[in-house]
Amino acid sequence: MKILCSALYESQLKEILSQMLKQDVKSAKDFKLYLDTIVMNVPTKAKKYKKSIFFDDESIKDIEYDGYKIPFYIDEIKSVYLILGIYK
């Protein structure tokens with residue numbers, strides 16, 4: 001299965017990291033590194049995540065990390081995980 005990130009996710013993450021870099025560079029790097037690890041492991045851990053509270057669809061689940069929610073969509077037909085966004 002492939003992992004794709006939406007343009008919304010990319011822009012939201014860029015903004016979050018920009019704000020973090022202003023406060024503490026090491027924390028921002030650690031946040032991004034761990035977040036990348038979580039996203040890369042979505043295919044093996046997708047079943048552990050709960051259905052998203054923001055969507056009425058069993059194919060959309062939420063990852064919770066460091067106070068942020070990262071909804072992702074599972075497209076079984078195309079064998080794709082689509083990271084939809086990231087927000088606090």
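I looked up L35 first: it counts as buried because its relative accessibility is 0% (buried means under 20% relative accessible area with a 1.4 Å probe, protein chains only). The model is predicted, so I kept in mind that local features need pLDDT of at least 70, side-chain atom pairs count only at pLDDT 80 or more, and totals for chains, interfaces and linings use all residues. Residues are numbered from 1 along each chain as its sequence is written, and side-chain values use heavy atoms, with hydrogens and water left out.

L35 sits in helix 2 (helices are DSSP runs of H or I, at least four residues; strands are runs of E, at least two; both are numbered from the N terminus). Leaving out residues up to four places away in sequence, I found L35 touching Y9, L13, Y65, I70 and I86 (contact: heavy atoms within 4.5 Å). L35 and I70 lie 35 residues apart in sequence and 9.8 Å apart, C-alpha to C-alpha.

Strand 1 runs parallel to strand 5 (residues 80–83), joined by 4 bridges. K2 stands opposite V80 in strand 5.

Last, the pocket lining. I noted 6 nonpolar, 2 polar and 3 charged residues around the largest pocket (nonpolar: Ala, Val, Leu, Ile, Met, Phe, Trp, Tyr, Cys and Pro; charged: Asp, Glu, Lys and Arg; polar: the others, Gly among them).

Key:
Buried < 20%, exposed > 50% of the residue type's maximum accessible area, 1.4 Å probe, protein only. Pairing = 2+ DSSP bridges.
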